[in-house]
Amino acid sequence: MQPMLELCNVGYTYHTTAGETVALKDISFSVDSGEFVSIVGPSGCGKSTLLNIIAGLLPLSQGELLINGMPRDDYTEPIGYMLQKDHLLEWRTIYRNITLGLEIQKKLTPEAKVLIDNMLKTYGLYDFRNSYPRHLSGGMRQRAALIRTLALSPKLLLLDEPFSALDYQTRLHVADDIGNILHQQKITTLLVTHDLSEAISMSDRVLVLSSRPAQLKADYTISLSVEPKTPSTARNAPEFRDYFNAVWKEVDHGTIERAI
Amino acid sequence: MELSKEQSEFLHRQKKEKLQVRCMQWFIFLGFLILWELSADFEWINSFIFCSPSIVARCFWEMLQEGSLFTHIGITLLETLVSFSIVILGSILIAILLWWNPKLSKILEPYLVILNSLPKSALAPILIVWLGANYKTIIVCAISVAVFGSILNIYTGFVTVEADKLKLIKTLGGNRLDCLRLVVIPASLENILSVMKVNIGLCLVGVIIGEFLAARAGLGYLIIYGSQVFKMDWVLLGILLLCIIAIILYALLHALEKQMKY
Ligand SMILES: Nc1ncnc2c1ncn2[C@@H]1O[C@H](COP(=O)(O)OP(=O)(O)O)[C@@H](O)[C@H]1O
Ligand SMILES: [Mg+2]
């Protein structure tokens, strides 16, 4: 099967007047279609840089990057990208926030509206569609941001610490919600997180990056024996602790925040 | 909803205090007018130089009847509104240009800062030489008072919009124009309104400076001409009307601001 994402010796260097920062070095890995892969690594190691390159926000200056078998720049389908904060626009209603991407791409078709209405209902936001973001709780806002991203029907989704602005309880909840949604829809997902439990419980695979310049240090395939596998049940699987300890050993500890 | 006893007492106290403040404000104002009037009537002060409320009121009434009052007010108001509109539209456009082109903004920044800190009344005499003693000078004068600060403020508002919000638009496939119309401008509306509130006052100042030097009509002309021919009632009436105009214009913008709150 064609992998959805293939990186081969990808590197990136920032240039500023203060000097140059090598953020990524020789990163190679591939992600299969429908796979959920987490990336962990110390803060400042280059995780966001990596996602920015995949999303096309930064140019690919070293190495090779194929998406669905095509070079990065030839892949024109939408790539979903969720940031740390929800960045809902305060002056737009939830509905108009969700349709933002479709509006930009002039794809606000009746079919798209049906899709959005369905997602709003499924994720419990339908009654809030005409409210403004400030009336919603943190978890609801993050779900709205997810719908905004999914409304473009991306085949590839990049999540950059999407839950870290939420408090612990809400985070578990939202991670559960979003994990289930993404597994159902079989969207290929790359999740950057500094929470190892989150990474292990949500993913099919966990990649560990070294501190800067980021290099791929370890690649764990996670298989947990729980049914049904959701982010919260996964934490009770017997293998969970072993994976946790293994990943924990690989990560540079000085900089990892909150491990458990 | 039923209010608790403490809450309604609290509200009652608040209301009472507000009323007291209002009463005191009117008391000071009326007290001042009465004292002024009495001092003039009993010749404690020279009413030729210091005038008196009743003389100003009579002057107001006369000018109202002969209609010249409307001419003066209308001209000043028109000049203010024209220069205000040009300042606002112009500075939004220029701020957009600067935002769009960071290099241009780097090049022009020192000029803007210097022009902004220049006392603009110093420009008025040159403007008269260049443009003649007419309404053009007055409008350009008013624009010069307000426009540089206005550009700088609006531009600063533009560039302080959260970078991640722009990133969001890009991740959704938007270009720079989308960033501008979907994020930068809507996020700056509040700031633009507060810039407008400052500028309406500045434009009025600029118009009066211009009218002092280059007008044949208008409230600034009324004030300067009145002082030259020792008609102090014109001067004071002019100042009073300016106060009222300033308050009304400010209140209008304030109401607009309230309207815009989503
Ligand atoms: N625009 C930039 N210019 C210069 N250096 C940058 C820039 N963005 C990030 N960096 C540097 O690159 C390194 C990696 O950043 P980032 O990818 O954001 O790390 P992470 O997401 O893993 O915390 C950091 O050391 C950061 O200081
Ligand atoms: Mg980051």
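Biologist: Why is Lys85(A) called partly exposed?
Modeller: Lys85(A) has a relative accessible area of 44%. Buried means under 20%, exposed over 50%, and partly exposed is in between (1.4 Å probe, protein chains only), so Lys85(A) counts as partly exposed.

Biologist: And what are we looking at?
Modeller: It's a predicted model, where local features need pLDDT of at least 70 and side-chain atom pairs pLDDT 80 or more, while totals for chains, interfaces and linings use all residues. Residues are numbered from 1 along each chain as written, chains are lettered from A and ligands numbered from 1 in the order written, and side-chain values use heavy atoms, without hydrogens or water.

Biologist: What makes Glu162(B) and Lys85(A) a salt bridge?
Modeller: The term needs a side-chain nitrogen of Lys or Arg within 4 Å of a carboxyl oxygen of Asp or Glu. Glu162(B) and Lys85(A) come to 3.0 Å, N to O, and the pair crosses between chains.

Biologist: Why does Glu162(B) count as partly exposed?
Modeller: Its relative accessibility is 32%, so Glu162(B) gets that label.

Biologist: How do you know that Glu9(B) forms a salt bridge with Lys5(B)?
Modeller: Their closest N and O atoms are 3.7 Å apart. Both lie in helix 1 (residues 5–41) of chain B, 4 residues apart, about one turn of the helix.

Biologist: What makes Lys5(B) exposed?
Modeller: A relative accessible area of 60%, so Lys5(B) is exposed. Glu9(B), at 40%, is partly exposed.

Biologist: Which residues share partners in one network?
Modeller: Salt bridges join Glu35(A), Arg205(A) and Asp219(A). Arg205(A) and Glu35(A) are 3.1 Å apart at their closest N and O atoms, and both are buried.

Conventions:
Helix = DSSP H or I, 4+ residues; strand = E, 2+ residues; numbered from the N terminus.
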